[in-house]
Amino acid sequence: MSRAGEAWGRVRGNWWPVLQQAVAAAVSWWAAGLAFDHHLPVFAPIATLVALNTPLGGRGTNAVRVVSGVIVGVVVGHAAFRLLGHGAPAIGTAVLAALLAALLLGGERITMAQAAVSAVVSVVAGQQAGLVRVEDALFGAAVALVFSQVLFPAHPVTLLVRARTKALRALGDVLDVTARTLRSKNERIDRFWDDLRPLYSLLDDLAESRERATAVARLTRYRRGNTEAVRREIASARHLNLLGNSCLTLIRGAMALDEGHRAAFAPGVEALTRTVGLLVDEPRTEAVRGRATRAAEHIVPNAPDTTSPQATAVWQNLRLAVGDLTAFASAERNPPGARQG
């Protein structure tokens with residue numbers, strides 16, 4: 001895909017959350033202006049934007065972290081101002097104390113940043129400015145919570161399906177490149193490793209999406225009626241993480257072999273690629289999962305038989321990947337946490 005295509009894909013995939021942020025910032029400024037007549041509530045829309053500027057499913061938690069950081073920073077900054085005044089020593093002391101306090105609260109980056117900034121504002125502008133920032137932060141976070149939890153709550157199944165589809169596509173692309181590289185002679189292997197990097201990131205994103213979906217299902221009251229679907233999707237995402245990691249192990253082992261042994265594993269990796277391709281668009285469809293499961297059964301017999309210890313290890317990696325692929329394809333029929341292979 002070209003860079004222009006990738007850029008347009010980012011816009012197309014994120015325009016709705018971005019529009020929500022813009023509208024929420026405008027609402028936060030307008031409503032805070034009505035609520036506070038003693039100052040311009042500039043920090044209210046800022047707090048709203050910071051809270052909402054995170055992946056779906058984590059925006060409510062982000063709002064709480066913003067407020068926590070602001071309160072910590074204002075309290076610490078006010079104490080530093082009373083003891084040391086407005087100078088550089090007061091700012092350095094306040095920022096250090098605010099960051100340490102934020103670490104005690106969990107060490108989230110957003111909490112630490114808000115604590116440090118609020119400490120600086122409190123020292124430079126005095127107690128009243130610090131209290132104003134707390135008011136604005138509370139108001140802005142409240143608007144963010146209304147948008148993220150009431151008006152546009154994240155659906156846990158949707159979160160997982162999106163993350164899973166991206167990870168599956170990336171896995172299929174990486175397996176395809178791997179198969180072609182295994183068949184190529186005198187291929188520069190160092191260029192191949194760059195193609196693996198997006199898959200690592202997407203598997204991390206999938207794990208984070210699984211955690212966010214679990215939290216959303218637990219905290220969003222009216223979504224609880226569909227807990228069985230959420231449970232199935234979480235189990236499916238867990239199996240996909242296992243599949244992705246076993247495929248990465250297989251790829252690393254196969255690419256470490258000499259050219260003669262590498263080519264022998266190309267058919268097995270190609271079969272894995274085709275089977276993953278079956279699951280990309282409709283992985284939850286019973287018929288598609290059935291075809292993928294049947295296709296996976298024919299991958300291992302095509303693997304090479306060799307006396308090389310390194311190649312034997314890759315053979316075992318291929319068997320593990322096929323087992324994880326089968327488990328993922330049939331995840332909805334298996335209890336969560338089960339692993340086949």
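**View 1. Aspartate 324 sits in helix 14, residues 309-329.** Helices here are DSSP runs of H or I with at least four residues, strands are E runs of at least two, and both are numbered from the N terminus. This is a predicted model, where local features need pLDDT of at least 70, side-chain atom pairs count only at pLDDT 80 or more, and totals for chains, interfaces and linings use all residues. Residues are numbered from 1 along each chain as its sequence is written, and side-chain values use heavy atoms, with hydrogens and water left out. Aspartate 324 is buried, at a relative accessible area of 1% (buried is under 20%, exposed over 50%, partly exposed in between, with a 1.4 Å probe and protein chains only). Its side chain makes a 3.0 Å polar contact with that of serine 246 (a pair of N or O atoms within 3.5 Å; within protein, one must be able to donate a hydrogen and the other to accept it, and residues adjacent in sequence count only if both atoms are side-chain atoms).

**View 2. The largest nonpolar core has 50 residues.** Such a core is a set of buried Ala, Val, Leu, Ile, Met, Phe, Trp, Tyr and Cys residues joined through side-chain atoms within 4.5 Å. Leu175, Leu272, Leu279, Ile299 and Leu325 touch the most other members. At least two residues each come from helix 7 (156-183), helix 9 (197-219), helix 10 (227-255), helix 12 (266-280), helix 13 (286-296) and helix 14.

**View 3. Leucine 175 has contacts with Cys247, Ile251, Val269, Leu272, Thr273 and Val276, leaving aside its neighbours within four places in sequence.** Contact means heavy atoms within 4.5 Å.

**View 4. Helix 4 (residues 88-104) packs on helix 5 (residues 109-125) at about 150°, with axes 8 Å apart.** That angle makes helix 4 roughly antiparallel to helix 5 (under 35 degrees is roughly parallel, over 145 roughly antiparallel, 65 to 115 roughly perpendicular, the rest oblique). Axes are lines fitted to C-alpha atoms, for helices over the stretch in contact, and angles run from 0 to 180 degrees between N-to-C directions. Residues making the contact include Ala94, Ala98 and Ala102 of helix 4, and Ala115, Ala119 and Val123 of helix 5.

**View 5. Helix 13 buries Val288, Arg289, Gly290, Ala292, Thr293 and Ala296.** The buried residues of helix 13 pack against helix 12 and helix 14. For context, the chain has 14 helices and zero strands, and buried residues make up 45% of its 341 residues.
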